[in-house]
Amino acid sequence: MDVDENLTGVGWTGLMTAYSRAHESLREDRMFNDPLAAAVVAAANRVGSVTGPRLPRLGPAINDEASSLWNLFSFYFAHRTVFYDSRLLNAIDAGCRQIVLLGAGFDGRAFRLGLPEDAIIFEIDQASVLAFKERVVLRHSLIPHCSRVPLWVDLREEIAGPLVAGGFRPERQTVWIAEGLLMYFTRAEADRLLDRVSALSTTGSRFISEYFTRQWKYEDVNYELLDDRDRVVWDLLKWEFPNNPVLQEPGDWLASHGWQVRTCTTVGEFGRSAGREVPPEFATSDGADIWLFDGAKGG
Ligand code: SAM
């Protein structure tokens, strides 16, 4: 598959997330190991597999620490992955067995987290992303630990019909994961999605997500120090995410939709507690950051 033709736009950012997970998986002090991510990077480079200590470059993604911009993204993607893993496993411990990935991208949790066999995971995304992912899964003979149902749905539209047709049962407690998604949406679209999620969620269901603490500005990265390639990436990202959907603390946003916040942190704070060196962009008190949070549906 030609990545440039078929995975442009929003699919491209999913690829960047996979790259950072593959990169993390190669580290000696790795926080997780994601075999799907390495397989996706290989397929995107049109090679059978990636071997050795370094990944091939993929657009702005590079694992030689040379790009301060990529170091920032990589830190963000790897730490948010750990946050979502821990909140998902917490919900599984509490008895949830139905999982919906909203904007699944190349999420490999079905293959790497040891989810219970009686769990079911619905992976919602656009058709080109799902088709690419299925080809990679088949080529690398990756076996999910639980039932897995890919669903092609536009998350700006109604989700109930396709989910129920795919086997989703609203009466079961559900863990909804909207990882790296809400920044694509306007405030009204984010509200509509959470309304639809709420209508399909029984008491005790969980919602795990993230959004920017404020809109990112040019001066939030050291623009003068970026090379030309990274400047293009930064400009592109600012164009891709013109709206910060929810200019409200996550606890307040969740409460306005009938959910109670359970945990709320930021990438900077979570990263500091994990013990790695925090990129300077996340180390300043007035810098932009990303909320990471989960909530439970009230009765
Ligand atoms: N959650 C995945 C992860 O963390 O690896 C993917 C994150 S990626 C940054 C965002 C994903 O959301 C992309 O795969 C994109 O195709 C999907 N997406 C964005 N807008 C969407 C929409 N309106 N409907 C369905 N999927 C969408």
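This short talk walks through one predicted model, from a helix and a strand to the nonpolar core, the cysteines and the salt bridges.

Before the details, some conventions: the model is predicted, so local features need pLDDT of at least 70 and side-chain atom pairs count only at pLDDT 80 or more, while totals for chains, interfaces and linings use all residues. Residues are numbered from 1 along each chain as its sequence is written, and side-chain values use heavy atoms, with hydrogens and water left out.

Let me begin with helix α8, residues 187-199, where helices (H or I, at least four residues) and strands (E, at least two) are DSSP runs numbered from the N terminus. I call a residue buried under 20% relative accessible area, exposed over 50%, and partly exposed in between, using a 1.4 Å probe and protein chains only. The buried residues of α8 are E189, A190, D191, L193, L194, R196, V197 and S198, and what covers them includes the strands β1, β4, β5, β6 and β7 together with helix α10.

Strand β4, residues 174-178, opens with T174, which is buried at a relative accessible area of 0%. Taking contact to mean heavy atoms within 4.5 Å, and leaving aside neighbours within four places in sequence, T174 touches C96, Q98, V100, F168, S205 and R206. With neighbours within four places again left aside, W176 has contacts that include V197, L163, F207 and W259.

That brings me to the core, where a nonpolar core is a set of buried Ala, Val, Leu, Ile, Met, Phe, Trp, Tyr and Cys residues joined through side-chain atoms within 4.5 Å. The largest one has 95 residues, and those with the most contacts inside it are L102, L163, W176 and F207. Helix α4, residues 68-93, gives the most to this core, with 12 residues.

How many disulfides are there? With a disulfide taken as a pair of cysteine sulfur atoms within 2.5 Å, the count is zero. For C96, the closest cysteine sulfur is that of C146, at 13 Å, which is too far for a bond. C96 is buried, with a relative accessible area of 1%, and C146 is buried as well, at 6%.

Finally, the salt bridges, each being a side-chain nitrogen of Lys or Arg within 4 Å of a carboxyl oxygen of Asp or Glu: the search of the whole structure finds 21. R97 and D118 meet in one, at 3.1 Å from N to O, and this pair links the loop between α4 and β1 with the loop between α5 and β2, 21 residues apart. R97 counts as partly exposed, at 22%.

Because E158 lies in the loop between β3 and α7 and R196 in helix α8, the pair ties together parts that are 38 residues apart in sequence. Within α8, R187 and D191 form another, at 2.9 Å between the closest N and O atoms; being four residues apart, they are separated by about one helical turn. Of these two, R187 is partly exposed at 33%, whereas D191 is buried at 18%.

Conventions:
The expected span of a helix is 1.5 Å times one less than its number of residues.
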